[in-house]
Amino acid sequence: MTIGAGLGLKPQHYAEATGDRRPGLWFEVHPENYMVEGGPRLTALERVRAEHPLSLHGVGLSLGGPDPLDQAHLKRFRALIDRFAPFAVSEHLAWSRFEGRSVPDLLPVLRTSSELQRIAERIDATQTALGRALLIENPSHYLNLRGHDYDETDFLSELVQRTGCGLLVDLNNVFVSARNIGIDPLIWLHAIPAQAVGEIHVAGHSEDPVRGAALLIDSHDSPVAEGVWALLDAALDLWGPRPVLIERDGEVPAYVELTAERERAQACLQKGRVAA
């Protein structure tokens with residue numbers, strides 16, 4: 001089955017998603033929303049999975065955090081993988097837990113040599129626990145932290161080499177970071193190892209209420225911006241076809257509106273590019 005452009009699956013769209021037969025369509029969910037023993041959500045996800053490929057996109061492992069890896073979380077994550085056989089499993093290069101308390105955000109890591117070694121060991125341990133390779137996603141950046149030893153693309157490339165993980169490249173995060181901290185998004189795309197890219201995300205963003213367009217927020221609450229669509233074309237030209245996901249987590253519109261964006265992403269994939 002060819003995996004083309006997909007959608008983040010929302011509970012209000014379960015019925016429409018199950019009955020949607022368009023070629024290449026797939027869905028992605030956050031595993032943390034399904035780590036339960038039973039109930040209607042799992043039943044609905046089983047119906048969707050019976051008809052479509054599925055990916056699991058984690059937000060709770062805190063791979064870059066100081067706390068030990070949560071073994072109970074990993075066990076529940078592994079159970080979902082075994083149950084739903086996703087084609088991709090991903091997490092973020094970020095942290096969200098400290099001294100046992102979690103925050104609803106994905107905080108940046110300091111890209112030093114010691115952190116590279118520590119995070120590589122945590123990714124390796126996570127992959128062993130989950131029984132498969134992860135795709136690691138680049139986060140959004142809102143300020144230039146002092147003390148980095150590595151550029152972000154070099155740090156991600158080192159993680160790929162040391163752990164065998166792949167990459168989930170979020171192009172909205174690249175766009176937002178480029179605006180906020182002054183990087184060149186096209187140079188960033190060229191520096192990523194093409195063979196490691198297993199999935200691409202595109203999403204909408206918003207302007208900060210105080211600083212306006214000078215500070216973009218990775219809000220996922222609006223349609224994909226034209227600048228992000230342009231990055232998608234550039235990325236597919238560089239890397240060839242990859243599974244592309246439309247992310248929408250706030251102000252979720254009707255299913256038909258999301259599928260219109262999905263059709264645009266699918267058209268981008270069908271421009272006759274050759275895989276790198």
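Where is L110 found? The model is predicted. In it, L110 sits in the loop between strand 6 (101-107) and helix 4 (113-130). Its relative accessible area is 33%, so L110 counts as partly exposed. The patch cut-off is over 30% relative accessible area, and L110 belongs to a nonpolar surface patch.

Next come the aromatic rings. How many aromatic pairs does a search of the whole structure find? The search returns two. One of them joins W26 and F87. Their ring centres are 4.9 Å apart, with 85° between the planes. That geometry is edge-to-face.

What does this pair tie together? W26 lies in strand 2 (residues 26-29), while F87 lies in the loop between helix 3 (71-84) and strand 4 (88-92), so the contact links parts that are 61 residues apart in sequence. The two partners can also be described by their cover. W26 is buried, at a relative accessible area of 0%. F87 is partly exposed, at 27%.

Y150 and F155 also pair: the ring centres are 5.9 Å apart and the planes meet at 75°, so this pair is edge-to-face. F155 is buried, with a relative accessible area of 0%.

One further ring contact involves a charge. Which residue lies over the face of Y34? R41 does, at 6.0 Å from the ring centre.

Technical notes
Residues are numbered from 1 along each chain as its sequence is written. This is a predicted model: local features need pLDDT of at least 70, side-chain atom pairs count only at pLDDT 80 or more; totals for chains, interfaces and linings use all residues. Side-chain values use heavy atoms; hydrogens and water are left out. Patches are made of residues with over 30% relative accessible area and no salt bridge: like charges are joined within 9 Å, nonpolar side chains (Val, Leu, Ile, Met, Phe, Trp, Tyr) within 5 Å. Accessible areas come from the Shrake-Rupley method with a 1.4 Å probe; for residues, only the protein chains shown count as cover. A salt bridge is a side-chain nitrogen of Lys or Arg within 4 Å of a carboxyl oxygen of Asp or Glu. Helices (H or I, at least four residues) and strands (E, at least two) are DSSP runs, numbered from the N terminus. Buried means under 20% relative accessible area, exposed over 50%, partly exposed in between (1.4 Å probe, protein chains only). Rings of Phe, Tyr and Trp (its six-membered ring) pair if their centres lie within 6.5 Å; planes under 30 degrees apart count as stacked, over 60 as edge-to-face and the rest as tilted. A charge sits over a ring if NZ of Lys or CZ of Arg is within 6 Å of the ring centre and within 35 degrees of the ring normal.
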